[in-house]
Amino acid sequence: MRTCKVAVVVAAVSTLLTLVGCGVGAALDDTAGPDLASGDAVEELAAETATEAAGIPATLTVASTLSHGPFEFKTGMEAEGFAVDVMELVALELGADLLFSDPVRDRSVLPDLQPGRTEDVCEKVASGEALVGLSSIRASAPLGEGVLATDEYLSLDLALVVHGEGELACVGDIGSGAVAVQREGAASAWAAENLPESHRKLFDDPNEALSALVSGNVVACVVDKPVAQRFRKVKAPGQLAIIETVATGDSFVMVVSADNEELATQINDALATLKVDGRYDELVEAWFGEPSQRGDFGPYTAMPDGPGDMVFQNG
């Protein structure tokens with residue numbers, strides 16, 4: 001089976017050529033073709049041929065802003081996150097390599113230093129610059145023309161979070177207290193309807209909302225449940241409690257070109273396989289500390305060392 005290459009190339013092409021000329025080409029050998037004299041090369045060539053015969057791309061190019069922890073983000077030269085790990089497993093299941101392009105930026109703001117929006121990622125896919133869009137794209141969000149959504153890979157229920165050792169045990173206990181609320185998704189509308197007496201503070205970053213709770217600036221927090229689970233597991237173990245889970249029906253999906261329904265089907269089949277054989281649930285439990293509780297794709301597990309590395313290219 002082919003391996004996922006997830007190394008980041010952020011230098012300009014001219015710089016890369018200079019490095020190769022200076023004798024540092026060994027650092028780039030990972031991306032070179034196999035030694036055709038080896039048995040591994042023959043096996044890899046056979047796998048490539050089988051993959052292409054099945055209509056699966058040899059390389060899945062992915063567009064992402066890499067700005068949504070814990071789902072997809074960039075650390076140094078590496079792409080990390082729960083969704084990145086899911087994408088790795090999908091690529092492995094399809095027998096394809098994996099290539100992340102440079103993080104997508106918001107071209108409507110100059111200079112284009114802001115992370116891209118959902119529409120920016122979808123445009124990359126619709127234009128053919130990438131085969132897959134993977135960037136915390138909500139199924140409820142308008143995707144625009146030229147793309148279609150895959151099946152979900154993570155459900156987005158809401159969580160009402162409080163201090164673990166406090167006296168707040170249900171929605172009715174919040175009263176007029178200060179509540180940190182995630183701006184995106186259904187959190188704001190739910191909080192306005194169900195916590196009408198509370199003093200609500202909106203946050204663009206749900207992790208900052210949770211930090212406000214830990215620091216004591218608010219008495220409760222309403223954010224996407226997977227974010228709360230990951231934050232509690234990594235940054236505040238034993239300090240936070242989820243006292244209410246609110247089903248929203250929303251979820252994260254990938255997008256592919258509207259002209260490539262075959263790829264959408266292949267990705268959906270791979271996701272289904274990962275769920276049935278348990279690999280998806282292992283990821284969920286590792287990343288979020290709890291197994292999936294719905295009959296679909298839910299909570300994170302850092303993959304051991306991963307099956308390979310991810311590669312970024314200049315876009």
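In the predicted model, Pro70 is located in the loop that connects strand S2 to strand S3 (72-75). The peptide bond leading from Gly69 into Pro70 adopts the cis form, its omega being near 5°. Most peptide bonds, by contrast, are trans, and most residues other than glycine have a negative phi.

Strand S2, formed by residues 67-68, contains His68. The side chain of His68 forms a polar contact of 3.4 Å with the side chain of Thr65. When neighbours within four places in sequence are set aside, His68 is in contact with Ser135 and Ser136.

Leu66, in the loop between S1 and S2, has a phi near 50°, a positive value in a residue other than glycine. Leu66 is buried, because its relative accessibility of 6% falls under the 20% limit. For Ser136, a residue of strand S6, phi is likewise positive and near 50°. Ser136, which His68 contacts, is buried, with 7% relative accessible area.

Strand S6 (132-138) also takes part in the packing around helix H4. Within H4, which spans residues 118-126, the buried positions are Asp120, Val121, Cys122, Lys124 and Val125. These buried residues pack against four strands: S1 (59-63), S6, S7 (147-155) and S13 (251-257). Gly128, which follows H4, has a positive phi near 90°.

Strand S13 includes Ser251, a residue whose relative accessible area of 4% places it among buried residues. The side chain of Ser251 is joined to that of Glu152 by a polar contact of 3.5 Å. Beyond residues up to four places away in sequence, Ser251 touches Ile137, Arg138 and Ala139, together with Glu152, Leu154, Ser155 and Leu156.

Helix H8 comprises residues 261-276 and includes Lys275. At 28% relative accessibility, Lys275 is partly exposed. The C-alpha atom of Lys275 is separated by 9.7 Å from that of Tyr153, a residue 122 positions away along the chain.

Helices H3 (residues 82-94) and H9 (residues 279-288) pack with their axes 10 Å apart, at an angle of about 160°. The two helices are therefore roughly antiparallel, as the angle is over 145 degrees. The crossing of H3 past H9 is right-handed. On the H3 side, the contact is made by Phe82, Asp85, Val86, Leu89 and Glu93, and on the H9 side by Arg279, Tyr280, Leu283, Val284, Trp287 and Phe288. Of the residues in this contact, eight are nonpolar and three are charged, with no polar residue present.

Definitions and conventions. Residues are numbered from 1 along each chain as its sequence is written. This is a predicted model: local features need pLDDT of at least 70, side-chain atom pairs count only at pLDDT 80 or more; totals for chains, interfaces and linings use all residues. Side-chain values use heavy atoms; hydrogens and water are left out. Axes are lines fitted to C-alpha atoms, for helices over the stretch in contact, and angles run from 0 to 180 degrees between N-to-C directions. Angles under 35 degrees count as roughly parallel, over 145 as roughly antiparallel, 65 to 115 as roughly perpendicular and the rest as oblique. A crossing is left-handed if the near helix is turned anticlockwise from the far one by less than a right angle, and right-handed if clockwise. Contact means heavy atoms within 4.5 Å. Ala, Val, Leu, Ile, Met, Phe, Trp, Tyr, Cys and Pro count as nonpolar, Asp, Glu, Lys and Arg as charged, and the others, Gly among them, as polar. A polar contact is a pair of N or O atoms within 3.5 Å; within protein, one must be able to donate a hydrogen and the other to accept it, and residues adjacent in sequence count only if both atoms are side-chain atoms. Buried means under 20% relative accessible area, exposed over 50%, partly exposed in between (1.4 Å probe, protein chains only).
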